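The following paragraphs guide a new reader through the structure shown here. They begin with one detail and then widen to the overall form before returning to individual elements.

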Amino acid sequence: MIPKVFKEVIDLGDGREITIETGKLAKQAHGSVVVQSGKCMMLCTVVSNYHAADVDFLPLTVDYREKFAAAGRYPGGFFKREARPSDGEVLTMRLVDRVLRPLFPKDYHSETQVMIQLMSHDEDVMPDAMAGLAASAAIQLSDFPFECAISEVRVGRVNGEFIINPSRAQLEESDIDMVIGASADSVMMVEGEMNEISEEEMTEAIKFAHEAIKVQCAAQVRLAEAVGKKEVREYEPAAEDAELEKKIYDMVYDKTYDIAKAGSSKHERGQAFSDIKEEVFNSFSEEEQDELGKLIHKYVAKAEKEAIRNLTLDEGLRLDGRKTTEIRPIWCEVNYLPSTHGSSIFTRGETQALATVTLGTSREANQIDMPSFEGEETFYLHYNFPPFSTGEARPIRGTSRREVGHGNLAQRALKGMIPDDCPYTVRVVSEVLESNGSSSMATVCSGTMALMDAGVQMKKPVSGIAMGLISDGETGKYAVLSDILGDEDHLGDMDFKVTGTADGITACQMDIKIKGLSYEILIKALQQARDGRLHILEKLTDTISAPNADVKPHAPKMVTTTIANEYIGALIGPGGKVIQELQKETKTTIVINEDPVTEEGIVEILGTDQDGIDAVLAKIDSITFKPEVGSVYEVKVIKMLDFGAVVEYLEAPGNEVLLHVSELAWERTENVSDVVNMGDVFDVKYFGLDKRTRKEKVSRKALLPKPEGYVDRPKRDGNRSGGNNRGRDNRNRDNRNRDQKKD
């Protein structure tokens, strides 16, 4: 039976379009679509169980995978099967999850899976920009209780013109790379990197993206109507008890307000809030505790949240006693670890990050092998968030999605400030040692100082700050919070992180939890964020004002040189013998890469000892040495022969040439040792290849004055006659006579 296929087309302009199709694939899923742009095709399926899980949250899994067959390639490595997701895939999962999760009802607790897979790749289409559209379109075709259609787009700017979903080639020329997630009414998520743009420019980019998202949301609605929108499934909502809620509110609100107003430390107020919860819980009988336990905890948390929000809105005070624009105390230190190539500590309030920098060759570049992109990163940052940083003991199960996402944000913040001519591969590692507030922004700050401590010549230092927003839609009151605490992160209406230099924004990450946030409030929040990060930037530059002029004595020095491709084999040697012995002798690391454009070999020399590096350079000069005709070179006698001396060019040790006895002096030389001896150093003139012998010719006598009365010998003439011919005939006759006598 031929399936009935439904399709919607979205015009992106410039002849590009996106097609959403359903009805052909994966029909047993609760919703499925194929989204296509050019040759790029991705399948998205959604399924949600009809019974709730025994948890008090939404167990939502967003999974995005790129199949290597989509690009006509095999997976790299020994096992030819796609395994754990790459960092790039994890980042796409996070982009989609952050927009979808808030739109499910808070009391919907059924296991839900959104699975997106790239089935066909197009080099001119970046698939991650369409993953949010695919997920939302599939959900619109399901019976899930989901608030409204959403979509995500990437926005770039080339030559001052904004572009929706630019190609990777366009993105390389763009000064903006942002992914925006939104519904038709509200912007919900922003993440990206920029080339020091202003707050107003960032807002304009968000507006431009939102207009494109509105079109994509409308297309999803039309598709669902054409297919036949399903009735929203019935599910058992979480139990509510208005009377119990009021009772707990009266018990909790005022006490929480007073504790919050006191402005205590994280540990102190945490203990005080815990005491309130315990007091409320113990006020109920054991039977009531068993029956109403979840509701009691829920209503206590709700009353606490309201009290803390109202304290900030009404009095402009926060949990730790700060005002809304106040930044916590900061202290910094560089060069803390003696053996690393660069290190720093950044401490802001109760958040601390220790960053290290390691310098290496191109061999240490981070290789990216995805169906949608192959390449390497010569600057990358890894972020680690151990459980002790929050005073917890919990299982350690490898790198979490959160660690991948936070590390990527910090990397994007800093990478634009690494100079293009930096010869090193640079790895930054951030170890979060304490956390109560944004550890990713602490990572940006510690990373900046560690890079400067390592002698990486950053264009400009970068700082970052995490901001929050609390608003009251009824009264119109709102408060923008600078440098938010961990406790403030979840109780606000927006949290966003902004990084930048003194001249503009380099990266951002924003999650907006309320509908219809005005752009006026957004711009004000961004301006307040600018004031905060400039304050933090001043603390960084007070600690280390500029990059160290050179790398540390124990850190490797990097020298890069080029050689013609024809000499690469000589430098490597048979079976790598030459380069291996050279590395061993000089205690250096030598990496050779071929540049297909210039057809030259790029040689990287890495070593801690400058003498070793110089020795490698001398060897390369020796291998690539080509004397010029007519030039004068200093040589040394290294071997004595009956018919001349073998000399070595002093500026290219290992390069030898025969100085013939006839070129030693103007006078007739019977013995070579009458003129030169082993170890003698003198100048010779280079004449190139001798036409008669086809060997290189050098001359010592050409640089000496001719003796008085010296007469040049007559040159041989191939057409000689007379006595010369007779002499040759006599020699031939003598030779014949000798042959006859032998016979």
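Which residue in E26 is the bridge partner of Val 635? In this predicted model, the partner is Tyr 649. The pair belongs to two antiparallel strands, E25 (residues 632-641) and E26 (residues 644-649), which are joined by six bridges. Both strands are part of an open sheet of five strands, arranged in the order E27-E26-E25-E28-E29 with antiparallel pairing. Strand E27 (656-660) and strand E29 (696-699) form the edges; each has a single partner strand, so one side of each is left without a neighbour in the sheet. From one strand to the next, the twist averages 50 degrees. Between strand E28 (681-689) and E29 there is a loop, and Arg 694 is located in it. The phi angle of Arg 694 is near 60 degrees, a positive value in a residue other than glycine. Arg 694 has a relative accessible area of 57%, and because the limit for exposed residues is over 50%, Arg 694 counts as exposed.

The whole protein can now be considered. It contains 15 helices and 29 strands. Its radius of gyration is 38 Å, whereas a compact globule of 743 residues would have a value near 27 Å. Along the principal axes, the C-alpha atoms fill a box of roughly 135 × 70 × 50 Å. Of the 743 residues, 49% are buried. Among contacts with a separation of 6 or more, 69% are made by residues 24 or more positions apart. The accessible surface amounts to about 37,600 Å², and carbon and sulfur atoms account for 48% of that surface.

Another open sheet has six strands in the order E1-E2-E3-E4-E6-E5, and its pairing is mixed. Here the edges are strand E1 (6-13) and strand E5 (60-66), each of which has a single partner strand, so one side of each is left without a neighbour in the sheet. With direction ignored, neighbouring strands of this sheet are turned by 15 degrees against each other on average. Within the sheet, strand E4 (residues 40-52) and E6 pair in the antiparallel sense over nine bridges, and Val 47 stands opposite Gln 113 in E6. Helix H4 (residues 199-227) lies across E1 and strand E2 (16-22), and runs at about 165 degrees to E1.

His 121 is located in the loop between strand E6 (110-120) and helix H2 (131-140). Is His 121 buried or exposed? Its relative accessible area is 15%, and because buried means under 20%, His 121 counts as buried. Leaving aside neighbours within four places in sequence, His 121 is in contact with Lys 39, Cys 40, Ala 70, Ala 71, Pro 371 and Ser 372.

Helix H1 (residues 87-100) comprises 14 residues. From its first C-alpha to its last it reaches 20 Å, close to the 20 Å expected at 1.5 Å a residue. H1 is mostly covered, with 11 of its 14 residues buried. Among these buried residues are Val 90, Met 93, Leu 95 and Val 99, as well as Glu 89, Arg 94, Asp 97 and Arg 98.

Strand E17 (residues 425-434) shows two kinds of pairing. With strand E13 (residues 351-360), E17 pairs in the antiparallel sense over nine bridges, and the bridge partner of Leu 354 in E17 is Glu 431. With strand E16 (residues 379-384), E17 pairs in the parallel sense over six bridges, and Phe 379 has Val 426 as its bridge partner in E17.

Ile 418 is placed in the loop between helix H8 (401-415) and E17. At 9% relative accessibility, Ile 418 counts as buried. The C-alpha atoms of Ile 418 and Glu 377 are separated by 12 Å, although the two residues are 41 residues apart along the chain.

A last stop is Asn 335, in the loop between strand E11 (330-334) and strand E12 (342-348). Asn 335 has a positive phi of about 60 degrees although it is not a glycine. With a relative accessible area of 43%, Asn 335 is partly exposed.

Terms used
Residues numbered from 1 in each chain as written. Predicted model: local features only at pLDDT ≥ 70, side-chain atom pairs only at ≥ 80, totals over all residues. Heavy atoms only, no water. Pairing = 2+ DSSP bridges. Helix = DSSP H or I, 4+ residues; strand = E, 2+ residues; numbered from the N terminus. Axes fitted to C-alpha atoms, helices over the stretch in contact; angles between N-to-C directions. Rg over C-alpha atoms; globule rule 2.2 N^0.38 Å. Buried < 20%, exposed > 50% of the residue type's maximum accessible area, 1.4 Å probe, protein only. Contact = heavy atoms within 4.5 Å. Areas by Shrake-Rupley, 256 points an atom, 1.4 Å probe, with all protein chains shown as cover. Expected span 1.5 Å × (residues − 1).
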